[in-house]
Amino acid sequence: MEAVLEQVAPKDEAELAAFVTDSRAAGRRLRIEGGGTRLPSGAVAADTRLTTRDMAGIVTYEPGELTLIARVGTPVEEIEATLAAEGQALAFEPMDHRVLLGTNGTPTIGGMVAANVSGPRRVQAGACRDHLLGVRFVDGQGRIIKNGGRVMKNVTGLDLGKLLAGSFGTFGVLTEVALKTLPMGETQQTLAFPGVSVRQAVEIFSTALGTPFEVSGAAFHDGTAWLRVEGLAKQVGYRRTRLTALFGSRPIDLLDEAESRRLWRALRYVQHFAGTPDPVWRILVKPTDAPAVVAALLEMGGQASLDWGGGLIWYGGPADPSALRRAAHPGHAFLVRGPADAPIFPPEPRAVSDLSNALRRTFDPAGIFNPGLMGA
Amino acid sequence: MSTIVMPEPDAAILVRKDEIVAALSAALPGDAVISDPDETKAYECDALTAYRCPPLAVVLPRTTEEVAAAMRICHEMGVKVVPRGAGTSLAGGALPTADSVILATLRLRDVLEIDTANRFIRVQSGVTNLSVSAELEPEGFFYAPDPSSQLACTIAGNIAMNSGGAHCLKYGVTTNNLMGVRMVLATGEIVELGGPVLGMPGLDLLGLICGSEGQLAIVTEATLRILPRPQGARPMLIGFDSAEVAGECVARIIRSGLLPVAIEYMDDVCLRAVEDFAKAGYPDCTAVLIVEVEGSEEEIADQVARIKAIADQLNPVEFRISRNADESLAIWKGRKSAFGAMGRIGDYLCLDGTVPVSKLPYTLKRIGELSKEYGLEVANVFHAGDGNMHPLILFNANKPGDLERAEAFGAEILRVCVDVGGCLTGEHGVGIEKRDLMTSQYAPDDMAIQMEVKNTFDPGWLLNPAKVFPLDSSRPYRDAAARGAA
């Protein structure tokens with residue numbers, strides 16, 4: 001069914017606005033995509049695929065202001081390369097979903113914002129939404145709207161960028177995003193703790209993240225826990241020494257810069273679940289709840305890894321969706337790869353879903369943006 | 001009189017004052033409702049003192065449930081509600097109207113939970129900003145946003161205004177450090193968003209609430225992200241004879257890959273006032289930067305050396321590194337007393353526009369030109385690393401027309417900020433002060449969708465009336481709400 005959908009790729013904001021206005025009048029339901037690498041194909045009940053990939057290009061990049069503005073179709077890879085040339089990066093380390101999902105296409109900066117995609121450094125640096133300074137988008141009435149701006153401190157009016165980030169296209173079609181960039185650490189190293197349990201791993205994470213040594217990655221898989229330190233060369237050496245002393249009684253292996261970069265790239269892309277047959281879930285929990293949640297999940301089969309100091313569980317396995325969500329409670333479980341019939345998003349309390357649905361009708365009165373996704 | 005217009009109070013509400021106070025008193029503990037005009041006078045203004053209006057009544061709840069009860073009554077009786085933290089808003093965000101009830105969070109003072117293993121603190125929203133970090137000090141943690149009013153201002157107000165502070169270059173502002181809230185809607189319904197988890201189950205309503213200036217809901221509890229205290233911090237002072245060169249120094253530091261926790265800027269007008277007032281020993285020059293770095297001794301020394309190398313290329317008139325705690329205090333003393341020092345000279349308006357860092361020199365030049373045109377002196381003291389400016393316009397409140405002239409001058413500066421790609425307010429909020437300038441930053445559709453969001457949360461337009469949205473822009477919604485209530 002997906003294969004026969006007509007695809008529309010507006011060249012600019014005005015063309016997009018006209019198409020949305022027409023779609024509203026015609027009752028045409030739209031599947032909103034950037035590169036189409038992140039959403040399962042059956043997640044949306046649509047008549048037409050609307051891709052933003054032709055609205056591309058970096059508008060401005062000011063390294064001295066830590067600010068980048070790009071049209072949404074710009075490939076994430078292009079942006080990362082541009083920033084890297086100035087020694088900067090998107091601090092939240094966005095994941096490339098192609099590895100885990102086996103999708104084709106080119107991940108775009110718009111898709112990244114729409115899905116609020118954040119990787120391992122989220123535990124220290126915040127999420128994608130924390131680095132979003134401003135947006136331009138077309139709402140469900142075809143209006144072109146701007147919110148926020150290009151400066152780091154801005155409290156002028158309501159912050160609609162936060163609503164758009166993570167709304168998966170249901171509130172509007174993003175056309176341009178302004179992001180805060182940050183200097184990349186000069187170098188990095190990783191401490192590996194082999195032979196630890198999930199409980200021990202979370203204890204290591206809580207201890208390490210409670211120190212001033214600015215741990216920028218805290219993950220666990222297959223019996224090994226990892227802590228990453230980044231920064232200027234002197235800082236990294238100092239922080240590594242202090243952390244090693246702090247966990248003096250435990251065996252610790254040291255990964256050098258190249259090994260460290262390889263490891264965190266693999267963790268960022270959840271490579272360990274690539275090509276496995278089972279559904280994959282992303283589960284947000286209070287870090288100290290992680291051991292109990294993981295134990296309950298593993299009783300249902302499968303494997304689990306941790307990121308964000310235990311605050312993020314990646315689970316690949318056959319667990320029944322309802323049983324899994326019960327085990328995750330009060331955490332939130334998102335289906336990232338798996339059976340088309342299971343809901344992707346976790347349920348919300350009625351008062352919250354009422355508000356969310358009312359807001360969605362405000363932005364998209366005719367319900368033409370990604371129908372079926374995010375509860376409505 | 002001043003130039004910002006507030007709507008005429010609703011006569012139908014004013015005549016029902018006794019009935020409204022009786023209903024609130026019946027639902028809340030005896031001392032939680034204030035209606036005596038002598039006592040409500042204490043709530044007639046916030047830190048934007050040029051604007052005053054005693055409210056109909058004041059409610060001081062101790063629990064979320066009491067807030068909900070008060071909100072339900074106001075909702076049913078069609079009474080407007082003005083939320084108030086400590087009343088330190090510089091933008092008139094807590095200014096009452098004669099027909100509104102002030103709902104103050106001052107008695108919501110409990111610390112509910114400290115969890116260092118999961119790195120959060122949960123508090124009632126009336127606790128002060130500084131007391132949150134004080135609670136955390138024995139645990140070796142702190143709460144990062146540090147607005148300069150932090151001794152008095154509450155977490156409720158910080159969330160309403162998305163407050164920043166001097167250290168947000170590294171740590172972000174309130175919205176980056178807020179994990180969850182318990183809040184009360186206009187109807188009195190209690191809603192919880194987020195919690196000690198790094199993400200929302202669906203839409204990021206939390207991000208929408210933060211900075212919404214009391215337009216959408218009243219926050220009664222907050223879960224805040226906490227951070228381990230750094231091992232040490234060291235400020236340095238760099239003096240320049242040119243604003244442009246000082247601005248260039250800021251850009252070069254940032255481009256070098258360093259991320260200082262703070263880069264503050266003071267101009268010559270401010271430096272002279274501060275020197276007279278605080279005797280901080282600042283150099284007599286055109287611009288001073290205070291740059292602070294954090295870490296261990298070794299890490300600090302490394303960062304200081306890198307910053308010195310950058311500054312030296314620009315021929316500073318002075319580069320002073322703090323050698324001990326006393327010298328650190330001395331370097332910060334002048335900056336922290338800047339507003340007080342200016343206040344001693346006369347009345348002032350404190351602006352809050354943000355500009356892209358590369359536009360700082362141009363903006364400073366324009367402010368200087370406008371200062372001559374308006375015949376009013378202006379001092380500049382601000383967070384340079386993120387471009388958040390605080391021009392202080394000096395005027396004489398006793399001189400007829402001076403406040404109006406200062407306001408017009410301020411409006412013009414803010415328009416310059418918007419024109420160079422910045423915004424009207426970086427951390428103080430819109431309130432009433434920048435309300436009528438919103439249309440210079442936002443086109444009609446940009447405004448419309450914000451008001452539609454407001455309308456979705458508060459269809460009666462009862463929450464924090466006449467703030468944020470220009471009255472002309474919001475009139476259709478307010479008229480519809482009034483027709484709905486009638």
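In this predicted model, A:Phe345 is buried, its relative accessible area being 14%. The ring of A:Phe345 pairs edge-to-face with that of A:Phe168, at 5.1 Å centre to centre and with 75° between the planes. Because A:Phe168 belongs to the loop between α6 (160-164) and β9 (173-180) of chain A, whereas A:Phe345 belongs to the loop between β18 (332-337) and α12 (350-363) of chain A, the pair ties together parts that are 177 residues apart in sequence. An edge-to-face arrangement is also found in chain B, where B:Phe339 and B:Tyr348 lie 6.1 Å apart, centre to centre, with 70° between their planes; B:Tyr348 is partly exposed, with a relative accessible area of 25%. Over all chains, the aromatic pairs number twelve, and A:Phe137, A:Phe171 and A:Phe363 form one aromatic cluster.

Charged side chains also meet aromatic rings. In chain A, the charged end of A:Arg122 sits over the ring of A:Trp308 at 5.5 Å from the ring centre, and in chain B the charged end of B:Lys308 sits over the ring of B:Phe319, 5.5 Å from its centre.

The largest nonpolar core comprises 209 residues, of which A:Met112, A:Leu163, A:Ile283, A:Ile313, B:Met183 and B:Leu193 touch the most other members. Helix α15 of chain B (residues 402-419) supplies the largest share of this core, with nine residues. When neighbours within four places in sequence are left aside, the contacts of A:Met112 are A:Arg38, A:Val76, A:Leu90, A:Phe92, A:Pro94, A:Val117, A:Cys128 and A:Leu179. Another core, of 27 residues, lies apart from the largest one and includes B:Ala32, B:Leu56, B:Met77 and B:Val79.

Conventions. Residues are numbered from 1 along each chain as its sequence is written. Chains are lettered from A and ligands numbered from 1 in the order in which they are written. This is a predicted model: local features need pLDDT of at least 70, side-chain atom pairs count only at pLDDT 80 or more; totals for chains, interfaces and linings use all residues. Side-chain values use heavy atoms; hydrogens and water are left out. Rings of Phe, Tyr and Trp (its six-membered ring) pair if their centres lie within 6.5 Å; planes under 30 degrees apart count as stacked, over 60 as edge-to-face and the rest as tilted. Helices (H or I, at least four residues) and strands (E, at least two) are DSSP runs, numbered from the N terminus. Buried means under 20% relative accessible area, exposed over 50%, partly exposed in between (1.4 Å probe, protein chains only). A charge sits over a ring if NZ of Lys or CZ of Arg is within 6 Å of the ring centre and within 35 degrees of the ring normal. A nonpolar core is a set of buried Ala, Val, Leu, Ile, Met, Phe, Trp, Tyr and Cys residues joined through side-chain atoms within 4.5 Å. Contact means heavy atoms within 4.5 Å.
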